[in-house]
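Got a minute to go through how the chains of this assembly fit together? Let's take it one question at a time.

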6 protein chains.
Amino acid sequence: MTASPISRFPVPDIATLADDIRDRIVAIQDKIGFVPNVFLSLAHRPDELRAFMAYHDALMERDSGLTKAEREMIVVATSNANSCQYCVVAHGAILRIRARNPLLADQIAINYRKADISSRQKAMLAFALQVSQDSQSIDDEDFRSLRDHAFSDEDIWDIGAIAALFALSNRMANLTSMRPNDEFYTMGR
Amino acid sequence: MTASPISRFPVPDIATLADDIRDRIVAIQDKIGFVPNVFLSLAHRPDELRAFMAYHDALMERDSGLTKAEREMIVVATSNANSCQYCVVAHGAILRIRARNPLLADQIAINYRKADISSRQKAMLAFALQVSQDSQSIDDEDFRSLRDHAFSDEDIWDIGAIAALFALSNRMANLTSMRPNDEFYTMGR
Amino acid sequence: MTASPISRFPVPDIATLADDIRDRIVAIQDKIGFVPNVFLSLAHRPDELRAFMAYHDALMERDSGLTKAEREMIVVATSNANSCQYCVVAHGAILRIRARNPLLADQIAINYRKADISSRQKAMLAFALQVSQDSQSIDDEDFRSLRDHAFSDEDIWDIGAIAALFALSNRMANLTSMRPNDEFYTMGR
Amino acid sequence: MTASPISRFPVPDIATLADDIRDRIVAIQDKIGFVPNVFLSLAHRPDELRAFMAYHDALMERDSGLTKAEREMIVVATSNANSCQYCVVAHGAILRIRARNPLLADQIAINYRKADISSRQKAMLAFALQVSQDSQSIDDEDFRSLRDHAFSDEDIWDIGAIAALFALSNRMANLTSMRPNDEFYTMGR
Amino acid sequence: MTASPISRFPVPDIATLADDIRDRIVAIQDKIGFVPNVFLSLAHRPDELRAFMAYHDALMERDSGLTKAEREMIVVATSNANSCQYCVVAHGAILRIRARNPLLADQIAINYRKADISSRQKAMLAFALQVSQDSQSIDDEDFRSLRDHAFSDEDIWDIGAIAALFALSNRMANLTSMRPNDEFYTMGR
Amino acid sequence: MTASPISRFPVPDIATLADDIRDRIVAIQDKIGFVPNVFLSLAHRPDELRAFMAYHDALMERDSGLTKAEREMIVVATSNANSCQYCVVAHGAILRIRARNPLLADQIAINYRKADISSRQKAMLAFALQVSQDSQSIDDEDFRSLRDHAFSDEDIWDIGAIAALFALSNRMANLTSMRPNDEFYTMGR
């Protein structure tokens, strides 16, 4: 079997990209040694890529009551529920690194109920999956239950908004058949 | 019954907003006579609102093989599948205006198969709903079928990306319990 | 796009209908100014239409602990869950009129949890949707919970029976591809 | 274990029923030796029972391209999909008798694909289950496919309308927790 | 209609079977008067049949806090949820005999909530169906709830393991289109 | 977070196990350097463990038209559909080794449609998932489609039987909350 391509859609040459996008890509490449395929596949539509990166950074880089590892847990759990190969593999790698734990990403992707995490984190992931899979059913009782686990309302927004952003991201990856870079599979193991 | 609030989260005073956001809101208010609640509720997180507006404009305002009315059809059909009150009501109004048709929005929200649209548009909405509800199952056969209906690959990206963006938007509206403005219910009827 | 026909099946001429059915249809026409398509499409089978009207009146016109507006709420909420275009549009109009509220029908059709109704009415609609979508799971606990909201057993029968009747009605409308009259879309707004 | 009662709701004494209902019940009792519990439990609401009987007879007793056994097949298959104990047991008995086949009712209730019936009858039941479980998806292609199996449009109405009527009936039986008479279990075996 | 065959796959002649398998089959035939088709259809793969029989006996014949009738209840309830004709019909017969109750098997197959069983047995079947249909959601709360109904942890293993074994068995019967023997339909009625 | 235990149930000391089970466990330990937790957790019930091992070997070790790697693909794909942490992690390791491919296991677990496998293997996994998740719908058309991909009927049995066996195995792992050994996560990467 030959490996599948990066995307169902045309993938631009990095040299042809606008400066701001190319600069960001090169900065990442300098840091981790390769260009994650999400940038190459979404760069087919530069304005959408810019908006996605802005949304991503606003949520994933902000000061938050959630640790960065916890935010990646949300991405990994909801992305496997949506069968999104790119997001589970790439953010699984990031989670392993952020959490300094080589097991957590696979545990959470498959079934967070059996992962080596706290009961507060399990409540966080249960809500993230509700937002991801059945957001219409959210009601005040869900908020009360999260507050009982010491999540602030800002934390609840973060949980829900990350699940919502990757609802978008998972669908774009499934639409484009985005291929995870081979490097992600072994990072942080 | 008193009306429910605009959002479960704090809603900022327009006067306190950053200039770029306030300018955009005022421009819309000048045009349609009121401030859509989506701006007020999402302005609680200005950076996320900016990213959302940028993503929205990149898809909904771009030159596309899809008409603006067709793009709103996608929003309306997928938003009812996600039981998103704000998006069905607000974008239903926009669809009525864009399509100059007072019936289409309700028809499509409830069951697009019985709407007064072309079979090509039904194929578009069938794919939009697949992206929205079951994106993991997308395969090459789906692309072939859309090309048979004379959709280009760029059109297919547009269909899928709009369904993906409102997968995010629907979840944010369900998370915040975003209330549609009363004005939307009668616009374009 | 030309408008779709009233029904997939033959639609009788009113002049050819039996006296009792024609009289009822004319009485409605005199009252609201047009003949709802449900009568024309179901009149293809007069005995079934008579039985349906009798069942409808027995439930929707009887003295009940539920107001007439509440009974229409049940119709609207369960009909959107079944993607029944005719019932959501026509009974949405009736609900707007009965409740003297132009917003309620759309709110309830899309997501009753966010509608401007009481928590008792939300409990009523939660049970109606259970009867509509998952009646096998009904147990004594559900009855206790409704009694805690001050519903009598007769009220519970009414909720369940209306949900059951429109389970039939929604399926007949989807089978016949019954078209809502244009007039319904704007009534009571 | 003592046997569960006939209904969650009050069951009237036959002697107290209106003449038309009592006459019908007595006629059935004279014919089969016992009173089916559906009459006793629904007689709590005489007008609804009259409407139900009228609807039932209009569909199940009319001249039709479907045999009476085929109509019972539809009832049995859709009622098990709705986990309706009364309808599967009572109409299973009727199906055994109508079809003069002691095996067919259980075969069809559990999985019609493996029942000793024709491929035309399997197509009939596949459509009945679509009407019962997913009526929103019905489209012209489904009609074409049934016509290819030599079903007339009147036959298709019959299939769909019987599935729709028992969508109502199953929900009423689940609401009332209607108990099948012990006699039905062995009839026709 | 001619009856469907015993299996989609070749069915071996009993005379050709290995001694251990033939001996077991003959012993059953001597006891109940016929050879259950499960032996004939699975004997196409003798080693798999031996493993299945060993697994079956280990669970269904062992000393347990569950009666043999209760173990058959689990088989019947979960097998109808999987639309497994062979298992519902054959184990329904065994349940009728084990429980000395001609009604229980049909009641439980269709909807255990309305069967003439204890609330403890209903809790047992609710858990069996969770294992059968949604085992990923099992958590410590489910164990606590069963212990509250006086099930020991060994009993819980038995409930879960029987549901798990028939998850296998139902799939093999659906794969092979295994036909229940006619004799089962009337045993124990 | 401390790591979760191997099982919700008592885990026997290897020294106390019957000779045949201990011998098998020691042989595996000698080969791979550790004792897979599936043996320790299932050894709580020795007879069931023996039956499981016999069933496993009968299917996974037999001469078959399916390669050993293909058989592991079936295990991995169906086990993630059932959210079975143990089976995805342990058999993912085996698949990496059998296929001499470090990427395949994660690709297939998350979404086989995007894995680096042949279209024949995708057809194999589509059928395995049908057996795993919806075995009632299997019909002759599914067999024809697999034969068109050059699968023999014996191959089809193997695909279906492996999916069926791991339907059991996934449920036992979810019931016992079976913990994958840490070693599996990095084997074959």
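Below are some questions and answers on this predicted model.

Q: What makes chain A and chain B related as by a two-fold rotation axis?
A: Chain A can be laid on chain B by a turn of 180 degrees and a shift of 0.0 Å along the axis, with an RMSD of 0.0 Å. The two copies are thus related as by a two-fold rotation axis.

Q: How do you know that chain A and chain B meet through the same surface?
A: Of the interface residues of chain A, 100% are also interface residues in chain B, so the copies meet through the same surface. In counts, 43 residues of chain A touch 43 residues of chain B.

Q: How much area do chain A and chain B bury between them?
A: About 3800 Å², with 64% of it on carbon and sulfur atoms. Tyr55(A), Trp157(A) and Arg171(A) supply 22% of the area that chain A buries against chain B, more than any other three residues.

Q: Why is the pairing of Arg8(B) and Asp140(A) called a salt bridge?
A: The cut-off is 4 Å from a Lys or Arg side-chain nitrogen to an Asp or Glu carboxyl oxygen. Arg8(B) and Asp140(A) are at 3.1 Å, N to O, so the pair qualifies. The count between chain A and chain B is six salt bridges.

Q: Which element gives the most to the side of chain A that touches chain B?
A: That's H9(A), with 17 residues. By class, that side of chain A has 21 nonpolar, eleven polar and eleven charged residues.

How values were computed:
Residues numbered from 1 in each chain as written. Chains lettered and ligands numbered in written order. Predicted model: local features only at pLDDT ≥ 70, side-chain atom pairs only at ≥ 80, totals over all residues. Heavy atoms only, no water. Least-squares fit on C-alpha atoms with pLDDT ≥ 70 in both. Contact = heavy atoms within 4.5 Å. Buried area = accessible area lost by both parts, 1.4 Å probe. Helix = DSSP H or I, 4+ residues; strand = E, 2+ residues; numbered from the N terminus. Nonpolar A, V, L, I, M, F, W, Y, C, P; charged D, E, K, R; others polar.
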